[in-house]
Each structure stands twice: as C-alpha cells, then as structure tokens.
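Visitor: Could you show me how to read a model like this one, feature by feature? I would like the general idea each time, and then the case at hand.

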Amino acid sequence: MSDANYALLNKEQKEAVFHTEGPLLILAGAGAGKTRVLAYRTAYLIEEKNVSPWNILMITFTNKAAQEMRDRVVSLVDYGDSVWVATFHSTCVRILRRYIDRLGYDSDFTIYDTDDVRTLIKQVIQELDLDPKMYKERAIAAWISSLKNDMITAEDAKKDAMGNFRAMKEAQIYEAYQKHCRQNNALDFDDLLLLTVQLLQRNEDVLEYYQQRFKYIMIDEYQDTNRVQFEFAALLAKKFGNLCVVGDDDQSIYRFRGADIRNILDFEKTFTGAKVVKLEQNYRSTTSILDAANAVISHNRGRKNKHLWSELGKGDSVGFRQYENGYQEAEEVIEKIRQEVRRGASYNDFAILYRTNAQSRAFEEKCVAMNVPYRLVGGVNFYQRAEIKDLIAYLKTIASGKDDVATARIINVPRRGIGKTTLDKLRMFADANDLSLMEAIEHAKNIPGIGRALPSLQAFSMIIEELRQFDGDIEELIREVIYVTDYESVLEEFEEEKQQTKRENIDEFLSKAHDFMAGWDEMEEPTLSNFLEEVALVADIDDLDEDENRVVLMTIHGAKGLEFPTVFLCGMEEGLFPSYMSINSGDPMDIEEERRLCYVGITRAKRHLYLSCARARTLHGEVNYNRVSRFIDEIPENMLETAGKGGKRTFFDSERGSGFSSGGSDFSWNLPKPQEKKKAPVTSAPASFGKDFTVQKSDGLSYSVGDRVVHQRFGLGTVKEIVDGKKDYEVLVDFDDFGEKRMMAGFAKLEKAN
DNA sequence: AGTCAGCGAGTTTTT
DNA sequence: CTCGCTGACT
C-alpha cells in the first residue's frame with residue numbers, strides 16, 4: 001500500500017519521524033539523511049496520524065530543494081502533491097498576492113532584485129542631493145537589507161539615528177527608498193518576508209486562517225534563517241506549536257545575508273519543551289573525508305557538540321597540492337578529471353568548488369581548451385544579464401507600467417534620443433502630478449520644455465501601447481518586443497562574440513518562457529505577472545540538472561545540499577579562503593563562518609576529495625602571493641596525502657607513487673609524464689559546452705520564399721516573405737496551425753522541411 | 001540635448 | 001579587467 005518503509009530508517013531518524021506533536025529540533029549533520037527524514041515524517045503524518053496533506057507546510061531555501069522534497073513526498077504517499085512545499089520567498093508571495101491590499105499595495109506588485117534595488121537607491125541618493133561618494137548604494141542596500149531582516153523599519157531607523165548626522169541621512173535614504181518602492185508597487189526580496197510578517201501581525205483573521213491551515217510546519221536549513229523568517233515561522237506555529245526544524249549549526253554560511261545562527265542554537269530555549277534529535281550517522285562520505293571535516297570544524301567555538309561518523313570505510317586519503325598559479329591549478333585539475341574519465345568515470349562525478357566566482361574563469365577556459373564538458377553554476381544570475389533584464393523591464397512596463405525602475409531602464413534602449421535631461425523632466429512632472437513615469441510619458445505633450453524629445457516619447461508610448469494590445473502567449477510577446485523595438489540594434493553595438501552570447505541568452509529566455517507556458521496546468525495561471533514572479537525568484541542552483549554528464553563548477557555556497565563522488569576544493573589560500581575580508585574584519589565570528597563554509601565544501605564529497613591552492617594568483621589583473629590556508633593546517637598531516645617529501649610544492653606528475661592515491665584505489669593521481677601529456681587522445685567528451693544552441697548566421701538563409709519550413713513550436717509552415725533587415729532577415733511565415741507570423745530569422749530557428 | 005571617449009574606482013558569498 | 005561616471009564634443 002504505502003511506499004514508505006519506516007524500517008529503512010535508523011533509530012534516531014525514526015525518533016524524528018515519529019515525534020509529530022510539539023516543537024522538534026532535528027540536528028542533522030551533513031549527509032545524515034535529513035531530506036529522507038522530512039519526507040518520511042510527512043508521509044507518517046498523512047498515513048498514520050491522519051493529517052490532511054493540505055495542513056502541512058514545508059519550507060526550503062531554494063526551489064530546487066523544494067522540488068526535490070516534493071518529488072520525494074509524492075513518491076512516498078498518496079496526495080503528497082497537496083502538501084505545500086515551497087521556499088520562504090514564494091510562500092510569502094503567494095500569501096501577499098492574496099492579502100497585500102491590506103497593507104496598501106496592489107496585488108500585482110513586481111519584485112525587485114538586488115540590481116533594481118541599487119538602481120533605485122542610487123536615484124534616491126541623487127534626489128536627496130547627497131554625495132554619492134559618501135553614500136554608496138551598494139553599502140546602503142546591504143544596510144537596508146540587514147535592517148529589514150531584523151524587522152527594523154525606516155521609522156525605527158530614524159529614531160535610532162537621532163543626533164547622528166550620517167545615520168540620519170542614511171535613515172532618510174531608507175525612508176525615501178521605501179516610499180518609492182510603494183509608489184512603484186514593487187517589493188524587494190526582504191519586503192516579501194517583512195510585509196508578510198506585518199500582514200500577519202496586523203490582521204488577526206489572516207493569521208488565524210494560515211495558522212489553521214498549517215497545523216504542521218517543517219523548515220529545512222533552519223541554521224540559515226534570519227530574524228524575519230524566524231518570526232514568520234513562530235507566528236504561524238503559535239497556535240498548534242507543531243514546528244519541526246532541521247538544520248546543522250556547522251553549516252550556517254549565510255550570516256552575511258542576515259542569517260542568525262542563534263535561531264538554531266537557542267531553539268530549545270525559545271520553544272520550551274522542544275524535543276531534540278541528533279542525526280550523526282553520515283551516509284554520504286568515507287571516514288577519511290569525515291575525519292578531515294571534523295578536524296577543521298572542531299576549531300570553531302560555540303557549536304552544538306556532535307561528531308559525524310560513517311560506516312562506509314576509510315576510503316582514499318584526502319589529497320592536497322599547492323600549484324604555482326591558478327592556471328596550473330585549473331589545468332591539473334581538469335587533466336585529472338580527463339584521466340579518470342578515461343578510466344571509466346563520468347564527467348558528472350566531479351565538482352569543482354571554489355570560494356569566489358572569479359575563480360571559475362580559469363577552470364572554464366581549461367575545460368574548453370581540453371574538451372571537457374562543464375556546467376557553470378552561478379556568477380551573474382541568468383535573469384540579471386543586461387539583455388534579459390531589458391526584456392523583463394519591457395514586460396514589466398507592459399504588464400503594469402507602475403514600475404519606474406523598469407520603465408527608466410528601457411526608455412532609451414534601443415537609443416531613441418531620450419536622454420538624462422528628458423528623463424529628469426519626466427520625473428519632475430510625474431512627481432508633481434503623482435503619476436508613474438509611464439503615465440508621464442503618455443502625457444508628454446503637456447510637459448513644458450520637453451522640446452525635441454516629444455516625438456521620441458510619443459513613439460515610445462505607442463510601442464508600449466501596441467505591445468499591450470498584443471494577443472499571444474508570453475513567448476510570442478517577447479519575440480514581438482524584440483521585433484517592434486528593434487532590439488537587434490542593441491545587440492549590434494557589441495562585438496561579435498558578445499553578440500553571440502547575448503543571442504544565446506535571449507534564446508534561452510524564450511525557451512524558458514515557452515516552458516512556462518507549457519507547464520502552466522501545474523500552476524494557477526500562466527499570466528505575465530506569474531511569469532515575472534517566477535523569473536524573479538529563481539536561483540542559479542535551481543536549474544542544475546545533476547543527470548547531465550558534465551563537470552560542475554560552482555561556489556561552495558552554491559554546493560550546499562549537494563553531493564558528488566569526487567570534489568575538488570580549490571583555492572585553499574589565506575586571503576582567498578578564508579577571505580581577505582573575514583581575516584581583516586577583526587571579528588572572529590567571520591573566520592568561523594569561513595570555517596563552516598570549508599566544512600560544507602569538504603562534506604560534499606562522497607568518495608574522493610582533493611584540496612588545492614596556488615602560490616600566485618592573479619586577481620583583477622594583479623598578482624597575489626598567498627600562503628596555504630589555515631584550514632589546511634587544521635587537518636592533521638597524517639590525514640592528508642601530499643605529493644612527495646617536498647609536499648606542498650610539487651605537482652601531481654612529480655614522482656611515481658607520490659600521487660593522490662592510496663589504499664589500493666582504482667583512482668590514482670598519477671598522470672602521464674609531461675612528454676606523454678602533450679597530445680592526449682581526445683576523449684569521448686561530447687562537443688557541447690555551456691548551453692545548447694543553434695547558430696543562425698545572418699548571411700544567407702537555408703530557405704527562401706515559397707519553401708516549407710519547420711518551427712520548433714509552430715510546426716510546419718510556408719515562407720511568404722523575406723525582408724533583408726539591417727543585420728537579420730525578417731521572415732513572414734504562414735503556419736499550418738498557427739497562421740501568419742512575422743519573425744526574425746536569428747531568433748526563429750526555422751529549418752527547411754523536406 | 002545627446003553621445004562618445006577617456007579616466008578612475010572597485011571587486012565574497014546570494015534567496 | 002570591467003563597469004560607471006565625468007567632461008568634452010557633435
């Protein structure tokens with residue numbers, strides 16, 4: 001009947017699963033099976049305790065984790081898909097969409113990412129006539145975020161700032177920023193949580209409704225919750241008290257983002273009578289790897305005492321190498337991977353982890369050069385790329401027009417001769433008449449002194465109006481935006497290679513829109529604002545597909561919650577990891593956080609762990625000479641396999657037998673001697689890197705008027721007309737099932753049908 | 001009024 | 001090295 005087999009659980013796991021009533025803290029070490037415990041606990045509640053799936057709330061940090069959890073629960077128990085599994089942020093959005101009018105916002109609010117926030121703050125600083133050198137939007141944004149995380153409002157900040165000039169100015173920026181957000185009907189990430197808590201606090205009926213609905217609440221990664229998140233959970237759980245949190249204080253790595261480790265450390269104090277279960281058996285890693293992890297983390301103070309152990313045997317020793325520079329490090333790591341693949345390993349057995357995104361470049365270059373397929377996670381978030389943000393800004397403006405940040409972004413993209421002066425006038429006019437920027441544009445002819453810009457503004461206004469009338473799905477709408485705005489001309493300003501990347505990104509964006517439309521039956525409705533919301537709340541990690549046969553490159557932060565057979569932890573250098581910032585801050589807690597990060601990195605490895613660093617590293621065009629990281633020193637020497645007696649100096653092809661291997665493993669660190677190495681046979685690496693895409697050169701098309709062509713989405717059709725545009729062809733196709741469509745050849749991916 | 005070129009400054013991790 | 005801004009030019 002049930003697929004949940006509770007006998008598979010160990011003693012502690014059972015304890016956690018069967019303890020359903022009252023507050024419960026599950027301290028789950030890395031790889032101790034917490035996802036399984038949460039999924040089983042949910043199944044148990046539904047099957048054995050007759051709890052309705054509808055009454056269960058599970059909160060995770062990423063959409064990916066939520067999806068995995070949902071899949072797990074669905075596979076275990078009937079009606080598992082009725083359990084509310086979501087991230088903090090999307091949970092809050094869902095609540096706010098329904099009730100935010102109680103706080104004076106419209107329910108079609110847009111969501112600001114960090115970029116939008118900075119743009120707006122910069123604008124506010126200007127408006128307040130403050131020196132941008134003194135007040136940097138980056139720092140102010142971080143400051144406002146941390147206040148919001150601690151539930152401190154602008155009014156509170158102003159009170160606290162009394163008598164302090166600078167603090168007063170900063171509080172004013174906060175206040176003005178918040179005012180603009182409200183005018184633009186926009187919420188930043190922190191608002192999503194903060195406003196939800198305020199909503200619940202101020203509206204007894206809403207609170208009552210959700211308390212009643214979520215009788216059982218579970219929160220994953222509890223060590224990374226901040227003050228608002230804590231408040232949100234505590235508020236919802238207050239009525240029934242069934243709050244189950246899972247976390248590991250040793251894996252708390254988001255203090256910089258406001259996470260408060262005390263949430264987990266003080267759980268028992270806050271929720272009196274809480275039961276605590278410790279999961280210390282690790283099912284992921286070998287003892288060698290766990291020993292190294294334990295050795296490092298034991299240097300931290302103020303942690304809950306626990307000791308991970310494993311039954312998986314000793315396994316290979318942890319390897320360590322110091323290379324001359326970052327390029328060499330990258331080359332040898334990639335070469336090692338190639339070697340292992342030749343011996344039967346798969347590319348997706350490997351992850352290359354590093355502290356900062358800047359380190360990814362060397363690895364990427366070597367992957368390309370050495371024909372190793374890879375997947376880069378992180379860096380600049382896909383949706384933050386300029387061309388994508390432009391298109392999103394168009395969509396936002398089309399959808400509501402209240403978001404001035406979006407409108408201002410695209411008002412002159414492509415160039416329409418609407419410059420700073422005109423923008424300033426528009427802003428003044430909008431401000432004086434209580435209009436949005438878009439509304440001001442629509443009334444441009446009433447603005448005195450608008451001068452030559454008037455025709456351009458009217459043209460812009462027409463374009464937006466036209467797009468608002470457009471009848472079609474989101475993917476088609478985006479194509480239409482590109483077409484009617486002549487977005488091509490924006491791309492053409494860049495050099496060939498960059499254009500290429502940008503086109504790929506736009507293609508990917510189109511296919512995401514397509515997927516969104518295709519998958520809509522699972523969601524409420526495929527509206528534009530739903531699409532924009534989804535787009536705002538995705539994290540890089542969310543679309544990592546572990547089944548893809550590629551080496552994964554990402555930061556250690558990104559790797560939390562994941563596991564790989566072989567992990568390369570690179571850049572183990574003082575100043576890089578731990579970071580320069582954390583060493584210089586003077587706050588020992590900063591170093592402790594770095595140490596926890598190191599612990600997270602180490603514990604991602606299942607079978608093989610290779611640590612490495614470089615003597616010299618080029619960063620922003622400057623060469624730095626770094627000492628070996630203190631974290632390496634914290635691992636007893638006998639636990640590390642270094643190369644030769646010179647140890648840390650040598651590369652892995654030094655002497656025979658001095659390689660990274662030990663314990664009779666079939667993996668070894670020995671490489672071919674340099675001369676053999678020159679032209680290693682090309683492996684079976686698929687010749688695809690990064691994203692898949694088809695290139696459609698604009699010189700010459702494979703089809704002509706009258707030809708039958710196939711479109712990815714619209715199927716078969718007949719080419720009616722081809723117009724030679726500036727750089728791309730504009731093609732008119734009469735599709736059998738969809739009628740006539742006009743499209744840019746570069747984006748349409750049309751193929752001649754036979 | 002808008003655009004372009006040259007100069008200076010800044011760079012941890014991200015829902 | 002790349003982004004963003006200031007100041008000169010069209």
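**Reading the features**

Guide: Happy to. The residues of the surface near DNA strand B divide into six nonpolar, twelve polar and nine charged. Here Ala, Val, Leu, Ile, Met, Phe, Trp, Tyr, Cys and Pro count as nonpolar, Asp, Glu, Lys and Arg as charged, and the others, Gly among them, as polar. This is a predicted model, in which local features need pLDDT of at least 70 and side-chain atom pairs count only at pLDDT 80 or more, while totals for chains, interfaces and linings use all residues. Residues are numbered from 1 along each chain as written, chains are lettered from A and ligands numbered from 1 in written order, and side-chain values use heavy atoms, with hydrogens and water left out.

Visitor: How many residues surround DNA strand B, and which are the closest?

Guide: A residue is near a strand if one of its heavy atoms lies within 4 Å of it. DNA strand B is surrounded by 27 residues, and the closest are Phe61, Arg355, Thr422, Arg452 and His620. Helix H19 (residues 420-433) contributes the most to this surface, with three residues; helices (H or I, at least four residues) and strands (E, at least two) are DSSP runs numbered from the N terminus.

Visitor: What do the atoms of DNA strand B within 4 Å of the protein belong to?

Guide: Sugar or phosphate accounts for 58% of them, and bases for the rest. For individual polar contacts, look for a pair of N or O atoms within 3.5 Å; within protein, one must be able to donate a hydrogen and the other to accept it, and residues adjacent in sequence count only if both atoms are side-chain atoms. Phenylalanine 61 places a backbone N or O atom 2.4 Å from a sugar or linking oxygen of DNA strand B. Phosphate oxygens also take part: one lies 3.0 Å from a side-chain N or O atom of lysine 136, and one is 3.1 Å from a polar backbone atom of glycine 419.

Visitor: How should I read a pair of aromatic rings?

Guide: A pair is described by the distance of the centres and the angle of the planes. Rings of Phe, Tyr and Trp (its six-membered ring) pair if their centres lie within 6.5 Å; planes under 30 degrees apart count as stacked, over 60 as edge-to-face and the rest as tilted. The whole structure holds 23 aromatic pairs. Phenylalanine 18 and tyrosine 44 form a tilted one, 4.7 Å centre to centre with 45 degrees between the planes. This pair links distant parts of the chain, 26 residues apart: phenylalanine 18 is in helix H1 (residues 11-18) and tyrosine 44 in helix H2 (residues 34-47).

Visitor: Is tyrosine 44 buried or exposed?

Guide: Buried means under 20% relative accessible area, exposed over 50%, and partly exposed in between (1.4 Å probe, protein chains only). Tyrosine 44 has a relative accessible area of 15%, so it is buried, whereas phenylalanine 18, at 35%, counts as partly exposed.

Visitor: And how do I read a helix such as H4?

Guide: Among the buried ones are Arg97 and Tyr99.
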